[in-house]
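Let's take a walk through this model together, one contact at a time. Keep the structure open beside you as you read.

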Amino acid sequence: TQGDSGEKYVLLRGDVEVEVRDVSDGTLQVIKAASLTFNQSRRTMSAVGDVTYTLTRQGQTDTFTGQSLDFDLDSSQAVFYDGRTRRTVKRSGKDLTYTFAGETITRVSNDTVILQKGAFTSSETPDDPLYQVRAGTVWLLAPGEWAVQDAVLLIGRVPILNLPGFFWPGDDFFFNPNI
């Protein structure tokens with residue numbers, strides 16, 4: 001169809017699955033949703049209804065879930081609304097899986113992930129965690145590197161520590177200005 005502004009749209013409904021492959025770097029992006037609108041003029045997609053976005057590259061897969069998604073094909077920037085993602089990191093030789101949730105989750109083109117009104121935990125029960133950090137903003141930067149602003153550490157449901165700002169570096173520094 002064509003909108004009032006002259007832009008061309010394609011509307012897909014009913015268990016939609018779209019794959020975007022970049023042959024040059026071997027990246028595979030898969031979007032699954034109840035419905036998807038593709039704006040051919042702007043090269044953007046909007047997905048609604050139990051959305052899953054999977055990014056696979058160099059043997060590593062990141063999966064995001066949420067209620068809706070806006071995705072730019074040219075920059076691969078994605079914004080999830082009411083979203084969640086999981087990320088596994090190595091700590092002391094063991095795999096530790098973190099669950100991140102946010103009112104909005106933005107994945108920018110340099111692979112930085114930004115959560116607004118977000119929370120994260122490594123608890124095995126992320127819906128009722130033993131501990132979690134809630135924050136106004138969470139930045140997931142390089143592997144193992146993250147920062148928070150306006151954060152609170154909760155044990156169960158009890159707030160324990162207020163963190164106006166905190167940075168966890170991915171590399172070791174001679175000195176470490178975390179807080």
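**A buried glutamate and its partners**

In this predicted model, glutamate 7 has a relative accessibility of 13% and therefore counts as buried, the cut-off being under 20%. You will find glutamate 7 in the segment before strand 1, which spans 9–22. Which side chains does glutamate 7 meet in polar contacts? One is tyrosine 9, at 3.0 Å, and another is asparagine 39, also at 3.0 Å.

Glutamate 7 also forms a salt bridge with arginine 42, where the closest N and O atoms are 2.7 Å apart. This pair links distant parts of the chain, 35 residues apart: arginine 42 sits in the loop between strand 2 (27–39) and strand 3 (44–57), while glutamate 7 lies in the segment before strand 1. Arginine 42, at 55% relative accessibility, counts as exposed.

That salt bridge belongs to a set of five in the structure. Among them is the one in which the side chains of arginine 84 and aspartate 127 meet, at 3.1 Å from N to O. Here again distant parts of the chain are linked, with arginine 84 in strand 5 and aspartate 127 in the loop between strand 7 (113–121) and strand 8, 43 residues apart. Arginine 84 is partly exposed at 31%, whereas aspartate 127 is exposed at 67%.

Another salt bridge brings together the side chains of arginine 157 and aspartate 128, 3.5 Å from N to O. Arginine 157 is in the loop between strand 9 and strand 10 and aspartate 128 in the loop between strand 7 and strand 8, so this pair ties together parts 29 residues apart in sequence. Arginine 157 is exposed, with a relative accessible area of 72%, and aspartate 128 is partly exposed, at 48%.

Now let's follow the strands around that loop. Strand 9 (residues 146–155) pairs antiparallel with strand 8 (residues 131–140) over nine bridges, and leucine 140 stands opposite tryptophan 146. Strand 9 and strand 10 (residues 158–168) also run antiparallel, joined by nine bridges, with alanine 147 partnered by phenylalanine 167. Their hairpin has two residues between the strands, and glycine 156 there takes a positive phi near 65 degrees.

Notes: Residues numbered from 1 in each chain as written. Predicted model: local features only at pLDDT ≥ 70, side-chain atom pairs only at ≥ 80, totals over all residues. Heavy atoms only, no water. Helix = DSSP H or I, 4+ residues; strand = E, 2+ residues; numbered from the N terminus. Polar contact = N/O pair within 3.5 Å; in protein donor to acceptor, adjacent residues only side chain to side chain. Pairing = 2+ DSSP bridges. Salt bridge = Lys/Arg side-chain N within 4 Å of Asp/Glu carboxyl O. Buried < 20%, exposed > 50% of the residue type's maximum accessible area, 1.4 Å probe, protein only.
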